[in-house]
Amino acid sequence: MSETITLEVLRYRPETDSEPHFQRYTVPYRDDWVVLDALNHIKDNLDATLSYRWSCHMAVCGSCGMTINNEPKLSCHTFLRDYRGGVIRVEPLDHFPIERDLVIVMDSFMEKLSGVKPWLIPKQEKPLSDGEYLQSPAELNVFHQYTQCINCVLCYAACPQVGLNEDFVGPAALALAHRYNLDSRDGGKGARADVVASNEGIWECTFVGACSQVCPKQVDPAAAIQQTKISASVDWLKDLLTPGAHR
Amino acid sequence: MAKSNKPILWLPFAGGGLVAALITPVLILITGILVPLGVIHLNYETIAAFAHHPIGKLILFGAVALPAWHAAHRLRMTAHDLGLGGGGVKAACYGTAWLVILVAAGALIAT
């Protein structure tokens, strides 16, 4: 008989289940399969009722984040071979309500994300006829790593502060705010500060650093938040010394 | 949401982190290990003169007060991460820091 591996998957169907419970599935083991392949095998061959999100299968879309053996991971980026001989426990991401099975409710994150205005707010709007807002490679390098975020929210599942205070704006949104604040074409730092530099923004972070550890795209939200703390403190001092001049 | 006044707490915390990382280990090495072992010798008169000078007092105060504040804030944050967020933890951490800061200030003013 060919080798198999067991997945223990958290199930929750609100119309029939009063609370979440685990269900075991045995799937074929293949060296080149990731957890998402195993879930697709379950869905196609064993149990069509299993619900989960996925799209690209190549760590670009950010939709297949799950808790795999207690660690937030992209299921398309997590090989079965790393768990060979054991049971793989698959749960939805922590710190989010469960919509159904492995699908989480992401509304709170979407609100936080739009709250930091993650788009270019030019210092001065200019007419289309004036051409592009130019930027040098060196200016791009200043913020390039923060553009790699795919909004997979693994960092929200890993962050203890998100678990303690659901209002915390959180790692990905704050890193993205930092990305636009650092952009030479942007002048929106003041407009973002009401959220970013609020008690629920950067100041709720205690620099645990779990966000940067679990990030599948090597974005470093913890560094972004600490750098923002320095720049927000400088702005706070300027406001204190010359009130109203730095808005 | 409104901008926070947390920089009041955070700026001395960040400064204390710098001092604790760069200066405190050197001071411990010199005053706690090398001098007692007799590896290096410090002239008492020179050190006393430094401690009596206003700028020397300020440097010594910073070397004690900032890391004390840093330690208090860091310990409280760690307790918070572990789910111990009560007022008692807050009072114990910041209370100890204030005690160290006041004793240091008092000693420097008295010298």
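## Basis and overall fold

Helices (H or I, at least four residues) and strands (E, at least two) are taken as DSSP runs and numbered from the N terminus. The model is predicted, so local features need pLDDT of at least 70 and side-chain atom pairs count only at pLDDT 80 or more, whereas totals for chains, interfaces and linings use all residues. Residues are numbered from 1 along each chain as its sequence is written, while chains are lettered from A and ligands numbered from 1 in the order in which they are written.

Chain A holds 9 helices and 7 strands, and its C-alpha trace spans about 75 × 40 × 30 Å along the principal axes.

## Helix α1 of chain A

In α1(A), which covers residues 35-46, the buried residues are V35(A), A38(A), L39(A) and I42(A). Seen down the axis of α1(A), these fall within an arc of 100° (taken from the directions from the helix axis to the C-beta atoms), so they line one face of the helix. On the other side of α1(A), D44(A) and N45(A) are exposed.

## The side facing chain B

In chain A, 15 residues are in contact with 11 residues of chain B, contact meaning C-beta atoms, placed from the backbone, within 7 Å. The elements giving two or more residues to this side of chain A are α7 (189-196) and α9 (221-241), and α9(A) gives the most, with 4 residues.

Conventions
The expected span of a helix is 1.5 Å times one less than its number of residues. A residue is buried if 20 or more other C-beta atoms lie within 10 Å of its own, exposed if 12 or fewer, and partly exposed in between; C-beta atoms are placed from the backbone. Two residues are in contact if their C-beta atoms, placed from the backbone, lie within 7 Å.
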